[in-house]
Amino acid sequence: MAEEYDLVILGGGTGGYVAAIRASQLGLKTALVEKGKLGGTCLHKGCIPSKALLRSAEVYAQTKHSEDFGVFTSDVSVNFGKVQERKGKIVDQLHKGVQHLMKQGKIDVFEGMGRILGPSIFSPMPGTISVEMNNGEENAMLVPKNVIVATGSRPRTLPGLEIGGKVMTSDEALAMEEIPKSIIIVGGGVIGIEWASMLADFGADVTVIEYSDRIIPTEDKEISKEMQRLMKKKGVTIVTSAKVLPETLKQGDTVSISAEVKGEQKEFTAEKILVSVGRQANVEGIGLENTDIQVEKGYIVTNEFFQTKESHIYAIGDVIGGLQLAHVASHEGIVAVEHIAGENPHPIDYNLVSKCIYSAPEAASVGITEDQAKEQGFKVKTGKFSFKAIGKALVFGESDGFVKIVADEETNDILGVHMIGPHVTDMISEAGLAKVLDATPWEVAHTIHPHPTLSEAIGEAALAVDGKAIHG
Ligand SMILES: Cc1cc2nc3c(=O)[nH]c(=O)nc-3n(C[C@H](O)[C@H](O)[C@H](O)COP(=O)(O)OP(=O)(O)OC[C@H]3O[C@@H](n4cnc5c(N)ncnc54)[C@H](O)[C@@H]3O)c2cc1C
């Protein structure tokens, strides 16, 4: 039987379920189709479980050094089963929360694999969604006025480097039952560095192999350099400018792989390999061939309101590429729904999106890097302030890192803010707000920052832009 909707959303990840809630708030009759679990990658295989593991690793690493705080403990050890159990409980609680929100919003959730049909007896336009139900019931036919494709992404691997045995992506790594004694991480981007930090804190011997000449290569160069220094300080081996050669993979009691490093072939051996070389959009098997929707370089193409070539079919989140982040996916979902409802939303300025890395130390940024600013022709001035001179950082026992502000010498606009150090992922929103409000470094500096707080580093970095830092 066919059911009519104002909106059907394909995929119940962060992008899809948030879009569904906004649609329900705006009075649209909405259905959400999810083949797996509501909450998607972020809740089940991404943001939340990885941060739960990172937190346990952080607690373990800190407890081992508790004597520095005058607190003496004995026999500190990790029960990884308990660590995983804690992670599972957090995910379950949030999963229930999302299910509750769907009920509260009177959103019809269809558990199954959705596919877009072409023009049919149900509608002269493509966009009817056929759902192959997980419970084996007859396919549901949903006939919507609008569709949002939010099918997300999955881990990418290197051609020839098949996943299985001792070779994992983040999906398998999250389900590990034991901490490996040693691990090779292929890819030193955000996910790779979070895993490197976590596993090193749990006591594993970690080697990161990165193709670029620096880890986290999309961040400001000074942040990469400081992250590399601090990862090495915790024992992580980092190999940059290294091209992994998948054909050299050998698996036995251990696993080994070679990489071409600055013209030389080097072999690396460990108990496991984690491949973290990016994510691939889920564009296959969802019926795009029944539509005029364009796919370029593996991602669905949209305009600034997330309309595809079929103007009543929208696409949001990881499936359209760009910044593959949960908060980006959900914001895109809100803009798409508001556009559908005729609410005239603002297109997203991606330059205002904060990006976070939850390693220890954390890193966070908003806006452009110093190099990008120079490439774009700005006359740049910068202010930098170290956490070493921040009382609260010393109290915390975490004084590595700094805040760096990149500003335009001519207009005083803040072009970018880059941070590495304690709790910077919670502090970046001040910089984000400053950018949204088009604040100058002077205005940030004169937002009197309470003492003692870590946020004083932001105020001081803002003063440092004009050479006026008080404690620097
Ligand atoms: C290890 C890891 C850590 C991460 N950490 C962070 C972080 O700290 N912060 C952050 O912002 N981002 C993080 N991310 C990225 C974040 O998870 C994604 O950007 C986000 O989940 C994208 O949301 P989405 O809704 O576009 O897609 P997804 O969350 O991937 O959801 C898509 C959903 O669609 C469903 N689906 C697909 N095809 C169909 C179909 N045909 N029918 C029905 N359902 C379908 C899938 O089952 C899935 O549930 C992390 C990712 C990983 C892998």
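# Notebook: rings, sulfurs and charges

I searched the whole structure for aromatic pairs and got two. My cut-off: rings of Phe, Tyr and Trp (its six-membered ring) pair if their centres lie within 6.5 Å, with planes under 30 degrees apart called stacked, over 60 edge-to-face and the rest tilted. Before going on, I note that this is a predicted model, so local features need pLDDT of at least 70 and side-chain atom pairs count only at pLDDT 80 or more, while totals for chains, interfaces and linings use all residues. Residues are numbered from 1 along each chain as its sequence is written, and side-chain values use heavy atoms, with hydrogens and water left out.

**Entry 1: the ring pairs**

I looked at Tyr-5 and Phe-110. Their ring centres are 6.4 Å apart and their planes stand at 90°, so I log this pair as edge-to-face. Tyr-5 sits in strand E1 (residues 2–10) and Phe-110 in strand E3 (residues 108–116), so the pair links distant parts of the chain, 105 residues apart.

Tyr-5 counts as buried at 3%, and Phe-110 counts as buried at 11%.

Next I took Phe-80 and Phe-202, an edge-to-face pair with 5.6 Å centre to centre and 90° between the planes. This one also links distant parts of the chain, 122 residues apart: Phe-80 is in helix H4 (residues 80–104), and Phe-202 is in the loop between helix H6 (190–201) and strand E9 (205–209). Both Phe-80 and Phe-202 are buried.

**Entry 2: charges over rings**

Back to Tyr-5: what lies over its face? I found Lys-29 there, 4.6 Å from the ring centre. The rule I applied is NZ of Lys or CZ of Arg within 6 Å of the ring centre and within 35 degrees of the ring normal. Lys-384 does something of the kind too, with its charged end over the ring of Phe-402, 4.4 Å from the centre.

**Entry 3: cysteines**

How many disulfides does a search of the whole structure find? I got one, taking a disulfide as a pair of cysteine sulfur atoms within 2.5 Å. A reminder to myself: a disulfide is a covalent bond between the sulfur atoms of two cysteines.

The partners are Cys-42 and Cys-47, with sulfur atoms 2.3 Å apart. The link is left-handed, at -130° about the S-S bond. Cys-42 is buried at 16% relative accessible area, whereas Cys-47 is partly exposed at 26%.

Cys-356 is buried, at 14%.

**Entry 4: salt bridges**

Side chains of opposite charge can pair when their charged atoms come close. I counted 22 salt bridges in the structure, each being a side-chain nitrogen of Lys or Arg within 4 Å of a carboxyl oxygen of Asp or Glu.

I picked out Arg-22 with Glu-338, whose closest N and O atoms are 2.7 Å apart. Arg-22 lies in helix H1 (residues 14–25) and Glu-338 in helix H8 (residues 326–340), so the pair ties together parts that are 316 residues apart in sequence. Glu-338 counts as buried at 15%.

Glu-226 and Arg-229 also meet in a salt bridge, 3.1 Å from N to O. Both are in helix H7 (residues 221–233), three residues apart, which is about one turn of the helix. I have Glu-226 down as buried at 12% and Arg-229 as partly exposed at 39%.

Then there is Lys-388 with Asp-400, closest N and O atoms 3.3 Å apart. Lys-388 is in the loop between strand E21 (380–386) and helix H10 (391–396), and Asp-400 is in the loop between H10 and strand E22 (402–408), so the pair ties together parts that are twelve residues apart in sequence. Lys-388 is partly exposed at 48%.

I also traced a network in which salt bridges that share partners join Asp-220, Glu-222, Glu-370, Lys-374, Lys-384 and Lys-404. That brings back Lys-384, noted above for its charged end over Phe-402.

Methods:
Helices (H or I, at least four residues) and strands (E, at least two) are DSSP runs, numbered from the N terminus. Buried means under 20% relative accessible area, exposed over 50%, partly exposed in between (1.4 Å probe, protein chains only).
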